[in-house]
Amino acid sequence: MSLAIRVENLGKLYAINRDGAPAASSLREQMARGFGRLIGQGSPAVPRPDERAAAVRDKEYWALRDISFEVNTGERVGVIGANGAGKSTLLKILSRVTAPTEGRVEIHGKVASLLEVGTGFHPELSGRENIFLNGAILGMSRQEIRKKFDQIVDFSGVEKFIDTPVKHYSSGMYVRLAFSVSAWLEPDILIVDEVLAVGDQAFQTKSAARMRELTQEGRTVLFVSHSMATMNQMCQKALYLENGRVSSFGTVEETTIEYQRDVIEQIEQGPWHRAEFTPPDAKVTLTRPEDSAATLLSVRICDRQQRTTEFLDIAESFEIEASYSLDRQVPDGVVPNLHFYDELGGRVFISLPAERMPGTKGVYSVRCTIPAFALNVGRYMAGFALSTFGTETQNHFDAQFCLRFEMKEADLALDLRRHGYTGALPGFARPRFDWRPA
Amino acid sequence: MPKDTIIITAESQDGNYWRDLWRERELLAFLAWRDLLVRYKQTFVGIAWTVLKPLAVILVYTFVFGVLAQLPSHGVPYTLIVLTGLLPWQLFSTVMLVSSDSLLSNAHLVQKVYFPRIIIPVSSIVVCIVDHLVSFLIIFLMLAWFGVAPGWQFLLLPFVTFLAVCCALGLGLIAAALNVRYRDVRQLLPILLQIGVFVCPVGYATSLVSERWQWLYALNPVVGIIDAFRWCVLGKTELIFPPSILVSIVFAVVSLAVGVRVFRRAEPSFADAM
């Protein structure tokens with residue numbers, strides 16, 4: 001397999017000035033410094049050179065340091081990490097937008113980088129003109145653009161307005177056209193910074209499909225995304241950056257799991273699980289608008305035997321019990337709702353009761369029974385909220401992620417549907433649907 | 001298929017700059033085309049402005065320098081003195097202004113895509129050159145109005161245009177690179193150019209300067225540009241100081257060489273400094 005990208009000890013140092021941004025300094029400032037140097041240490045307004053150097057050092061930081069990795073031709077590598085971990089800086093260096101401070105990068109092949117869609121789009125120009133302009137900026141030749149023009153227009157779905165200045169486009173049309181130009185690039189190496197989530201649902205599906213098509217034509221791809229699902233779908237390997245350094249580099253499955261662990265750990269300092277929540281609790285965000293009519297008293301999770309616990313068996317049902325007080329009359333009544341999330345905060349499902357709860361003042365308790373096998377093995381979070389769905393939706397309170405629990409499979413042999421298989425059965429639910437020989 | 005290899009280090013991130021520049025020549029054309037389209041789409045009167053603006057200035061200067069101050073014109077209608085001063089001056093000053101501002105006005109490109117950055121200032125001046133060519137209409141109109149027939153030197157005008165562009169672009173490249181780091185340049189340059197109108201022989205002929213000082217005066221490269229232009233259109237050597245043209249030619253070469261060097265040196269830091 002041939003090498004596409006080799007990165008060795010790459011580092012990027014940013015100097016930040018007083019405003020906290022590496023913005024341009026003014027000439028006056030520079031002249032003041034030069035003048036200060038001329039008159040020496042006499043002036044107290046101008047710090048001495050060594051002081052100044054120290055101050056400058058404080059304001060420097062390594063956005064990337066000691067980054068080394070290799071990507072073979074045809075490999076699709078995802079870059080993950082928290083905000084500020086250096087993902088974008090890395091892509092910028094690889095796309096030669098900015099220069100590294102140290103280290104070396106070797107790239108074999110024609111590179112196209114999509115750090116955003118619609119770079120260079122001009123509002124006064126028509127869709128047609130912008131396709132040519134943007135294409136040229138992205139490195140396509142005029143012939144190439146002409147050849148792909150119809151495909152681009154067709155993909156974007158803005159044929160009717162192709163000769164209208166894009167300033168008259170809706171924002172949806174604008175990004176669709178912008179993405180479409182990028183979608184027909186054909187480089188050896190594609191560098192993409194989270195530009196997929198544009199347009200409506202239908203267009204997103206279409207563009208994700210096109211992106212997959214692009215990445216599967218033997219192209220080397222470097223891809224930044226915050227969506228682990230997209231990452232797992234599109235990439236084989238992942239590079240996990242943490243504070244400007246490589247935390248791990250391996251298969252996408254291993255690396256994303258490692259990243260997710262770290263994310264959870266950061267969210268939650270201390271034990272992860274929480275079977276009971278009684279406000280106030282500094283660890284739980286309880287949103288409650290000022291005109292709220294209700295107060296949350298407690299939420300807890302318990303097993304079939306009514307024991308409060310954060311460890312549950314998937315083969316048994318369990319309950320979530322919540323109590324709240326209505327502090328004033330709510331004519332429309334109230335509807336309690338339970339929100340289930342995976343351990344990263346991705347929504348699994350929402351559960352609402354069939355009947356609304358009365359709106360008269362008083363203290364109430366509600367119970368929701370979650371049947372066996374509704375949730376699969378894994379860590380979950382639950383939130384409890386109370387709403388009134390009248391002419392307008394009002395949330396009286398919302399305790400997001402207030403419960404954190406773990407579903408376990410106590411005895412693999414108990415589940416006859418495993419038929420002796422002991423491996424993982426992934427997914428959020430393991431519903432027991434009807435099967436029969438047909 | 002032979003593959004390109006790019007090596008990026010702190011010292012160089014461009015593989016082969018001039019080869020890349022050649023490859024991206026279409027981009028240069030596209031950016032210039034964009035500027036032209038935008039310029040002539042936005043304004044209602046479009047091209048007419050390109051003619052009307054200098055025309056208005058010419059009338060005012062003719063009144064101030066020719067009628068009020070009664071400066072000498074060696075028998076040439078004073079309007080023509082102003083015309084042949086203003087057009088090259090406008091070319092020079094707009095090329096310098098536009099190119100020095102081009103990086104900042106295209107900051108979104110610089111921060112998102114790689115290509116040899118020199119494409120930006122170079123493509124930005126195409127609009128100025130086209131404007132200049134359009135304003136030739138005024139020359140033809142005025143020469144016809146005053147019944148002056150241009151001589152063979154008129155054919156040398158493209159060289160003068162080229163000379164003016166080279167001088168201004170060299171300075172513009174330096175200003176552009178400085179402008180990224182020191183935004184003050186953006187404020188300073190228009191002021192300098194404002195003063196330049198009077199320092200340079202825009203509203204008067206070079207011959208107005210006493211002979212003792214003419215050599216010193218000619219060190220200003222714009223003097224040579226305007227003199228060359230005047231001579232090409234009016235063909236009168238008594239209005240100009242011929243050696244100044246030589247100074248301008250030397251200046252064009254030097255300023256371009258220095259400009260490209262300064263620009264190239266500052267280039268890697270553009271994206272970070274914006």
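This is a predicted model: local features need pLDDT of at least 70, side-chain atom pairs count only at pLDDT 80 or more; totals for chains, interfaces and linings use all residues.
First, the ground rules. Local features need pLDDT of at least 70, side-chain atom pairs count only at pLDDT 80 or more, and totals for chains, interfaces and linings use all residues. Residues are numbered from 1 along each chain as its sequence is written, chains are lettered from A and ligands numbered from 1 in the order in which they are written, and side-chain values use heavy atoms, leaving out hydrogens and water.

Let's start with the helices. Helices (H or I, at least four residues) and strands (E, at least two) are DSSP runs, numbered from the N terminus. Take helix H5 of chain A, residues 142-156, and helix H6 of chain A, residues 171-183. Their axes come within 8 Å and cross at roughly 140°. Axes here are lines fitted to C-alpha atoms, for helices over the stretch in contact, and angles run from 0 to 180 degrees between N-to-C directions. H5(A) and H6(A) are therefore oblique to each other. Under 35 degrees would count as roughly parallel, over 145 as roughly antiparallel, 65 to 115 as roughly perpendicular, and the rest is oblique.

Who touches whom? Contact means heavy atoms within 4.5 Å. From H5(A) come A:Ile152, A:Phe155 and A:Ser156. From H6(A) come A:Arg176, A:Leu177, A:Phe179, A:Ser180, A:Val181 and A:Ala183.

Now, salt bridges. How many does the structure hold over all chains? There are 27. The rule is a side-chain nitrogen of Lys or Arg within 4 Å of a carboxyl oxygen of Asp or Glu. Side chains of opposite charge can pair when their charged atoms come close.

One of them joins A:Arg6 and A:Glu70, at 3.1 Å, N to O. A:Arg6 sits in strand S1 (residues 3-15) of chain A and A:Glu70 in strand S2 (residues 60-72) of chain A, so this pair ties together parts 64 residues apart in sequence.

Next, accessibility. Buried means under 20% relative accessible area, exposed over 50%, partly exposed in between (1.4 Å probe, protein chains only). A:Arg6 is partly exposed at 26%. A:Glu70 is partly exposed too, at 40%.

Another bridge pairs A:Arg104 with A:Glu106, the closest N and O atoms being 3.0 Å apart. Buried or partly exposed: which is A:Glu106? At 11%, A:Glu106 counts as buried. A:Arg104, at 30%, is partly exposed.

Finally, the network. Salt bridges link A:Arg6, A:Glu8, A:Glu70, A:Arg104 and A:Glu106.
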